[in-house]
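Student: Hey, could you walk me through this one? I'm new here, so please keep it simple.
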Amino acid sequence: MASSSASSSAASASASASLGGTGVGTGVRRISQEMLHQRRSSPPPSPAKAVSRIASAPCRLHEQDPSLSPSPPSSKAPECYLPKADAVIGHRGLGSNLGPKSLDTLEGYFAGRIRENTMLSFKTAATCGADFVELDVQVTKDGVPVVWHDDWIHYKHFGEEEKVMTRTIREMTIAEFKQLSYMATVCPERPVVLMRKFDKKSDEFRPWVCRQEDELPTLETVLKGLPIYVGINLELKFEDEHTHVERKELEDRIAAIMACLDQHCSAGRKIVLSSFSPDACTIVSELNPVYPLMMLTDAGVIKYEDERRNSLEAAKKLAVDLKLAGVVLLSHVIPDASMLRDFAAQGLLFMSYGERNNDGAYSLNQLTMGMRGVIVDDVLGVHNAVSARAALSLA
């Protein structure tokens, strides 16, 4: 046992060194060790039980058995890949990690219950009633699509120094990505801690450690491991808001993502593609994908150099020109009746994202307006609100 422990520690130290740098403070190490002891000594809490969706949840046995849906994806119409009406879509699975409340206590140290954008988060969201999960895909230096939201990965090594290491996904090979993932999430010694600027108004880095950890997955892992009845809203992520990305590189990254879908996505899986990048939407549409594609927009809440991102009207024009399925709109922005009629006349769909969707009543109002689905962090709460309304409609 002692020999095995020494070997494990040596391996962790070697892998940690290959990622560069050495240090977080002893306070973070102490809390991390307490956290690890608590996780080993007590089982993780079971997810809350979801209320049945009753009328709005049709039998999915035909989706669970791929042999009953033998046709390849290219033979299907895009409509069949879309979420059903009143869909609840889990944001990064069971919701984004908001950050630690305090570094002085064990409970305050956690950035969230379950690490976002992981298989554990996706599967837990499904048990809580999510019809789809939303996830973010980027591509590594050697062309492998992985699931990660932020433009950068920030991390520290346990040791004496306090330097935060910063890299982008496109600077990392898949081997480096997997190594960092293991060291920061499930390695027993936990020699690396991921860091994040949780407050957008502050430059302060805080530890990004969750009560229940899981490794950072590749897109292939998600496509193979997520139950077939759970749809995927796959957001194509690029760092083009602050760094110019040449069209050839955009094309190469998109080609890698589409190839992964083509190779690993089951015929019965519902998939919707989306992106904030008008250029990415253009490139994907030129590939004539079988999967529906939607433009993400905050409709001018934040101003960008690219005018195609600065209004709902511009997003609608892009959707019409590129023959997209529709627009995913920030929930703070409410389209008026005229815009809703115009979208319907053009055959375009609305979905919405944003923190306001975590209010069940607010989400219900949007669904009543005609939104096809809502992307939420509070999957169970919104699912139960939608279920309750469905039950009342049958009474």
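Predicted model: local features only at pLDDT ≥ 70, side-chain atom pairs only at ≥ 80, totals over all residues.

Student: Okay, and at roughly what angle do the axes of α8 and α9 cross?
Tutor: Roughly 55 degrees, and the axes come within 10 Å. That angle makes α8 oblique to α9.

Student: Which residues make the contact there?
Tutor: On the α8 side you have R247, L250, E251 and I254, and on the α9 side D279, A280, I283, V284 and E286.

Student: Some of those numbers are a few places apart. Why do residues three or four places apart point the same way?
Tutor: An α-helix has 3.6 residues a turn, so residues with that spacing end up pointing the same way.

Student: How do helix α12 and helix α13 cross?
Tutor: Helix α12, residues 360–369, and helix α13, residues 379–394, have axes that come within 9 Å and cross at roughly 55 degrees. That makes α12 oblique to α13. The crossing is right-handed.

Student: And which residues of α12 and α13 meet?
Tutor: G360, S363, L364, L367 and T368 in α12 meet V382, A385, V386 and R389 in α13.

Student: Switching topic: which residues of helix α5 are buried?
Tutor: M119, S121, F122, T124, A125 and A126. The helix itself runs over residues 119–127.

Student: What covers the buried residues of α5?
Tutor: The cover includes strands β2, β3 and β4, plus helices α7 and α13.

Student: What follows α5?
Tutor: G129 does, and its phi is positive, near 110 degrees.

Student: Now aromatics. How many aromatic pairs does a search of the whole structure find?
Tutor: Five. One of them is W148 with W208: the ring centres are 5.4 Å apart and the planes are at 45 degrees, so the pair is tilted.

Student: Where do W148 and W208 lie?
Tutor: W148 is in the loop between β4 and β5, and W208 is in the loop between β8 and β9, so the pair ties together parts that are 60 residues apart in sequence.

Student: Is W148 buried or exposed?
Tutor: W148 is buried, with a relative accessible area of 4%. W208 is buried too, at 3%.

Student: Which residues do ring pairs link into a cluster?
Tutor: W148, F198 and W208. There's also a charge at W208: the charged end of R196 sits over its ring, 3.8 Å from the centre.

Student: Where does the charged end of R309 sit?
Tutor: Over the ring of Y304, 3.8 Å from its centre.

Student: Back to pairs: how are the rings of F276 and Y353 arranged?
Tutor: They form an edge-to-face pair, 5.8 Å centre to centre with 85 degrees between the planes. F276 is in the loop between β11 and α9, while Y353 is in strand β14, and the two are 77 residues apart. Both residues are buried.

Student: Last bit, the overall picture. How many helices and strands does the protein have?
Tutor: It comes to 13 helices and 15 strands. Buried residues make up 53% of the 395 residues.

Student: And what share of the contacts with a separation of 6 or more comes from residues 24 or more positions apart?
Tutor: They account for 69% of those contacts.

Note on methods. Residues numbered from 1 in each chain as written. Heavy atoms only, no water. Phe/Tyr/Trp six-rings, centres within 6.5 Å; stacked < 30°, edge-to-face > 60°. Helix = DSSP H or I, 4+ residues; strand = E, 2+ residues; numbered from the N terminus. Buried < 20%, exposed > 50% of the residue type's maximum accessible area, 1.4 Å probe, protein only. Lys NZ or Arg CZ within 6 Å of the ring centre and 35° of its normal. Axes fitted to C-alpha atoms, helices over the stretch in contact; angles between N-to-C directions. Parallel < 35°, antiparallel > 145°, perpendicular 65-115°, else oblique. Contact = heavy atoms within 4.5 Å. Left-handed = near helix turned anticlockwise from the far one by under 90°.
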